Amino acid sequence: MSQRQLPFTPDPGEDPAYQEAHHRYLASRKVRHTILRLIGDHYRRPQGTYGSWQGCDLDLTDVTVDGSMDFRGATFSSGTVSFAGARFSEGTVSFAGAQFSGAEVSFRDVTFSGSQVFFTGTRFTGRKVSFGDARFFGGTVSFAGTRFSGAEVSFRDARFSGSRVSFGSARFTDGQVSFRGVTFSGGNVDFGAVFSGNGVSFRGSTFLGGQVSFASATGPAPPGLLDAAGTASVTVALCSGWMPESE
């Protein structure tokens with residue numbers, strides 16, 4: 001499945017002069033939403049059973065998601081899964097309880113601008129997952145309860161500038177998770193997560209604005225975080241007992 005099969009044309013509006021184009025837009029939108037719903041159904045079916053797409057490649061590069069999409073409980077166990085360049089602009093999108101256990105997954109350069117997107121309880125346990133260069137500037141994105149326990153996950157150079165983003169109760173236990181070069185310039189980001197080990201890095205991160213909190217985090221401070229917080233131009237709420245490295 002690729003973006004070529006899910007073309008997107010903006011809504012011309014309800015002006016009577018564009019009535020025909022508006023109806024075409026609505027019909028196309030309905031087809032796209034149906035296809036996205038069916039994709040979720042296929043990835044929920046147990047591998048080896050009829051209609052299961054587990055283990056298959058999925059290419060939704062540059063897709064526009066302007067409505068609800070349900071990937072709850074889906075399993076991506078191998079192959080390549082790409083949402084690179086996707087735009088989540090409306091509706092509710094859920095990857096709650098999904099498992100990324102062997103696939104190489106890309107959310108690189110994705111834009112979260114108006115949707116509610118949930119990765120609640122998602123498990124990233126194998127291979128590579130990229131949120132590099134992602135832009136969080138609207139809507140709500142939740143990684144609450146997500147487990148990062150074996151994968152190489154990158155948020156490198158992502159920008160948090162307006163969304164409400166939660167990593168509450170997320171668990172960083174193994175693997176490598178990089179927030180290197182991330183810029184926090186707006187919005188509300190909660191890292192009330194469990195950090196164990198040194199696999200998470202905030203080296204080179206910049207705090208310029210918004211509200212960023214590690215106040216309810218547990219475990220040791222991730223490498224690079226305290227140094228970045230100590231030179232931040234805004235206050236970063238830290239876990240009790242953590243002190244900026246510059247002090």
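Modeller: Here is how each label was reached, one term at a time.
This is a predicted model, so keep the limits in mind: local features need pLDDT of at least 70, side-chain atom pairs count only at pLDDT 80 or more, and totals for chains, interfaces and linings use all residues. Residues are numbered from 1 along each chain as its sequence is written, and side-chain values use heavy atoms, with hydrogens and water left out.

Colleague: What makes Cys-239 buried?

Modeller: Buried means under 20% relative accessible area, exposed means over 50%, and partly exposed is in between (1.4 Å probe, protein chains only). Cys-239 has 12% relative accessibility, so Cys-239 counts as buried.

Colleague: And why is Cys-56 called partly exposed?

Modeller: Cys-56 is at 35% relative accessibility, so it counts as partly exposed.

Colleague: How many disulfides are there?

Modeller: The count is zero. The rule asks for a pair of cysteine sulfur atoms within 2.5 Å.

Colleague: What makes the pair Phe-191 and Phe-202 edge-to-face?

Modeller: Rings of Phe, Tyr and Trp (its six-membered ring) pair if their centres lie within 6.5 Å; planes under 30 degrees apart count as stacked, over 60 as edge-to-face and the rest as tilted. For Phe-191 and Phe-202 the centres are 5.4 Å apart and the planes are at 80°, so the pair is edge-to-face. Phe-191 sits in the loop between E21 and strand E22 (194–195), while Phe-202 is in the loop between E23 and E24, eleven residues apart. Both Phe-191 and Phe-202 are buried.

Colleague: Which label does the pair Phe-95 and Phe-100 get?

Modeller: That one is tilted, with 6.4 Å centre to centre and 40° between the planes. Phe-95 and Phe-100 are both buried. The whole structure has 44 aromatic pairs.

Colleague: Which residues touch the most other members of the largest nonpolar core?

Modeller: A nonpolar core is a set of buried Ala, Val, Leu, Ile, Met, Phe, Trp, Tyr and Cys residues joined through side-chain atoms within 4.5 Å. The largest one here has 66 residues, and Phe-83, Phe-155 and Phe-214 touch the most other members. H2 gives the largest share of this core, four residues. Helices (H or I, at least four residues) and strands (E, at least two) are DSSP runs, numbered from the N terminus.

Colleague: What is Phe-214 in contact with?

Modeller: Contact means heavy atoms within 4.5 Å. Leaving aside neighbours within four places in sequence, the partners of Phe-214 include Phe-191, Phe-202, Leu-225, Cys-239 and Trp-242.

Colleague: Why do E1 and E23 count as edges of their sheet?

Modeller: Two strands pair if DSSP finds at least two bridges between them. The open sheet has seven strands in the order E1-E5-E9-E13-E17-E20-E23, with parallel pairing. Strand E1 (58–59) and strand E23 (200–201) each have a single partner strand, so one side of each is left without a neighbour in the sheet. E1 pairs with strand E5 (residues 80–82) in the parallel sense over two bridges, and Leu-58 has Val-81 as its bridge partner in E5.

Colleague: Which strands are the edges in the sheet of six?

Modeller: Its order is E4-E8-E12-E16-E19-E22, again an open sheet with parallel pairing. Strand E4 (75–76) and E22 are the edge strands, each pairing on one side only. In E8, Phe-100 stands opposite Phe-76.
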